[in-house]
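Trainee: Hi, could you walk me through this one?
Mentor: Happy to, let's have a look.

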Amino acid sequence: MIANTPRLTAPAPVTPPAPAGRPHRVTVAVYAQDLVLRIGVVHQLRQRPEVELVADAEADRARTSLVVVDAVDDEVMALLQRLQRNAATRTGLVVGTFESAALQRVIECGVAAVLRRTEADQDRLLHLVLAMANGEGVLPGDLLGKLLTHVGSLQRSALDPRGLSLSTLTAREADMLRLVSEGFDTSEIAEKTAYSERTVKNVLHEVTTRLQLRNRAHAVGYALRNGLI
């Protein structure tokens, strides 16, 4: 039971608002299975000027939410489903042990980033928060590989007649890679997608960097092999 226990609640400590003249900070709500987990993450993030921790009563206004748990169970899934209903926040999962079979479930619940607790130092926690705030996803390398394999299998087997997928590419990224595969250059892609050439270059660079690929051709081949485009 969650009631009358400290399980899965947002932290009471709050970071004061940024002084006038400083860049706007990313608001974060932290949910944890016990007080020790919560204190650890809050202590790490409170030291960073890029972050503003929010209190329980304001958790729904947080731009990002961190769920810190030992493992993914039914209680955690219920919380993730509740957070998913708030379109204004993106959710990250900091987890002790994580079965790869749970990956599909948590992504379907709107989790944008996963970090293992053994790797959750201050810099990695901050990277996770900032990446989510920028609309990016973060996964450990081994989980990303499992996800891509799973996506390719789903799409090749046509198990999702509604066209839903767990693709690691955004719709914009997939569209641009598809145009690259058809032989269009940067200026032509910009014209077809109504984005600037600089945006096209940035999007394609982000894909190759995030997936650790060499160039556009490698990205296209990788996406095709894994059923992402």
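Trainee: How many aromatic pairs turn up in a search of the whole structure?
Mentor: Zero aromatic pairs are found; to pair, ring centres of Phe, Tyr and Trp (its six-membered ring) must lie within 6.5 Å. This is a predicted model, where local features need pLDDT of at least 70 and side-chain atom pairs count only at pLDDT 80 or more, while totals for chains, interfaces and linings use all residues. Residues are numbered from 1 along each chain as its sequence is written, and side-chain values use heavy atoms, leaving out hydrogens and water.

Trainee: What sits over the ring of Tyr195?
Mentor: The charged end of Arg172 does, 5.0 Å from the ring centre. The cut-off there is CZ of Arg or NZ of Lys within 6 Å of the ring centre and within 35 degrees of the ring normal.

Trainee: And at what angle do H6 and H8 cross?
Mentor: Roughly 95°, with the axes of H6 (residues 171-181) and H8 (residues 197-210) coming within 10 Å. So H6 is roughly perpendicular to H8, a label for angles of 65 to 115 degrees.

Trainee: Which residues of H6 make that contact?
Mentor: Arg172, Glu173, Met176, Leu177 and Val180, where contact means heavy atoms within 4.5 Å. Partners in H8 include Val203, Leu204 and Val207.

Trainee: Switching topic, how far apart are the axes of H1 and H4?
Mentor: They are 9 Å apart, and H1 (residues 35-46) packs against H4 (residues 122-133) at about 80°. Val41, Gln44 and Leu45 of H1 meet Gln122, Leu125 and Leu126 of H4.

Trainee: What's the average pLDDT of the chain?
Mentor: It averages 79, and 77% of the residues score at least 70; pLDDT is the predictor's confidence in each residue, from 0 to 100. Over residues 154-166, pLDDT stays under 50. Where pLDDT is low, the predicted coordinates should not be read in detail.

Notes. Axes fitted to C-alpha atoms, helices over the stretch in contact; angles between N-to-C directions. Helix = DSSP H or I, 4+ residues; strand = E, 2+ residues; numbered from the N terminus. Parallel < 35°, antiparallel > 145°, perpendicular 65-115°, else oblique. Phe/Tyr/Trp six-rings, centres within 6.5 Å; stacked < 30°, edge-to-face > 60°.
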